[in-house]
Amino acid sequence: CPICTLPIPFPVDNHSSFYICCMKGVCHGCVAAAGKRGMRDCPFCRASASGDDAEILAKLQKRVDAKDPTALEALGEQYFYGMCGLEKDVPHAIELWSEAAGLGSLEAHN
């Protein structure tokens, strides 16, 4: 976890929350601690939480344009599952994951 620096147990998706704003996975303990203090925004970068699909995609696309491998992998997931208002497009998801893997994303290999 980038906040408490403790390792996040496997499977990581079950023990952490991923934030598009900073491309960080934060453990549920840090998320709960932030919530206990009344903080409802991202516990790492403190960006406001947004539920609007267009805003989420804009933040994600900004990181993809900067060739962030984590963002490429996350956008691939959005296309693979047809989330955030995107139409399901498995071939495009595979292209994004391949690019992310080439840039060093270990998660993109899964």
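Q: Where is Cys84 placed, and what makes Cys84 count as buried?
A: In this predicted model, Cys84 sits in the loop between helix 4 and helix 5. The cut-off for buried is under 20% relative accessible area. Cys84 comes in at 17%, so Cys84 counts as buried.

Q: Which other residue has a positive phi although it is not a glycine?
A: Lys67, with a phi of about 60 degrees. Lys67 belongs to the loop between helix 3 and helix 4.

Q: Why is Lys67 called partly exposed?
A: Partly exposed covers what falls between under 20% (buried) and over 50% (exposed). Lys67 has 46% relative accessibility, so it lands in that middle class.

Q: What makes the contact of helix 3 with helix 4, and how do its residues divide?
A: Helix 3 brings Leu57, Leu60, Gln61, Arg63 and Val64, while helix 4 brings Ala71, Leu72, Ala74, Leu75 and Gln78. By type, that's 7 nonpolar, 2 polar and 1 charged.

Q: How do you know whether Gln78 is buried or exposed?
A: Gln78, in helix 4, has a relative accessible area of 9%. That is under the 20% cut-off, so Gln78 is buried. Leaving aside neighbours within four places in sequence, Gln78 is in contact with Leu60, Met83, Cys84 and Leu86.

Q: Why is helix 4 called roughly antiparallel to helix 5?
A: Helix 4 and helix 5 pack at about 165 degrees, their axes 8 Å apart. Since the label applies to angles over 145, helix 4 is roughly antiparallel to helix 5. Helix 4 passes helix 5 in a left-handed crossing. On the helix 4 side the contact includes Leu72, Leu75, Tyr79 and Phe80, and on the helix 5 side it includes His92, Ala93, Leu96 and Trp97. The contact's residues divide into 10 nonpolar, 2 polar and 3 charged.

Q: Which residues touch the most other members of the largest nonpolar core?
A: Leu60, Leu75 and Tyr79, out of 17 residues in that core. Helix 3, helix 4 and helix 5 (90-102) each supply at least two residues, with the largest share, 5 residues, coming from helix 4. Apart from it lies another core, of 8 residues, among them Tyr19, Cys27, Cys30 and Cys42.

Q: Why is Ala34 called buried?
A: Ala34, found in helix 2 (residues 28-36), has a relative accessible area of 4%. Buried means under 20%, so Ala34 qualifies. Beyond neighbours within four places in sequence, Ala34 is in contact with Met39 and Pro43.

Q: Where is there a cis peptide bond?
A: Between Phe10 and Pro11, where omega is about -15 degrees. Pro11 is in the segment before helix 1 (12-15). As a rule, most peptide bonds are trans.

Notes: Residues are numbered from 1 along each chain as its sequence is written. This is a predicted model: local features need pLDDT of at least 70, side-chain atom pairs count only at pLDDT 80 or more; totals for chains, interfaces and linings use all residues. Side-chain values use heavy atoms; hydrogens and water are left out. Contact means heavy atoms within 4.5 Å. Helices (H or I, at least four residues) and strands (E, at least two) are DSSP runs, numbered from the N terminus. Ala, Val, Leu, Ile, Met, Phe, Trp, Tyr, Cys and Pro count as nonpolar, Asp, Glu, Lys and Arg as charged, and the others, Gly among them, as polar. A nonpolar core is a set of buried Ala, Val, Leu, Ile, Met, Phe, Trp, Tyr and Cys residues joined through side-chain atoms within 4.5 Å. Buried means under 20% relative accessible area, exposed over 50%, partly exposed in between (1.4 Å probe, protein chains only). Axes are lines fitted to C-alpha atoms, for helices over the stretch in contact, and angles run from 0 to 180 degrees between N-to-C directions. Angles under 35 degrees count as roughly parallel, over 145 as roughly antiparallel, 65 to 115 as roughly perpendicular and the rest as oblique. A crossing is left-handed if the near helix is turned anticlockwise from the far one by less than a right angle, and right-handed if clockwise.
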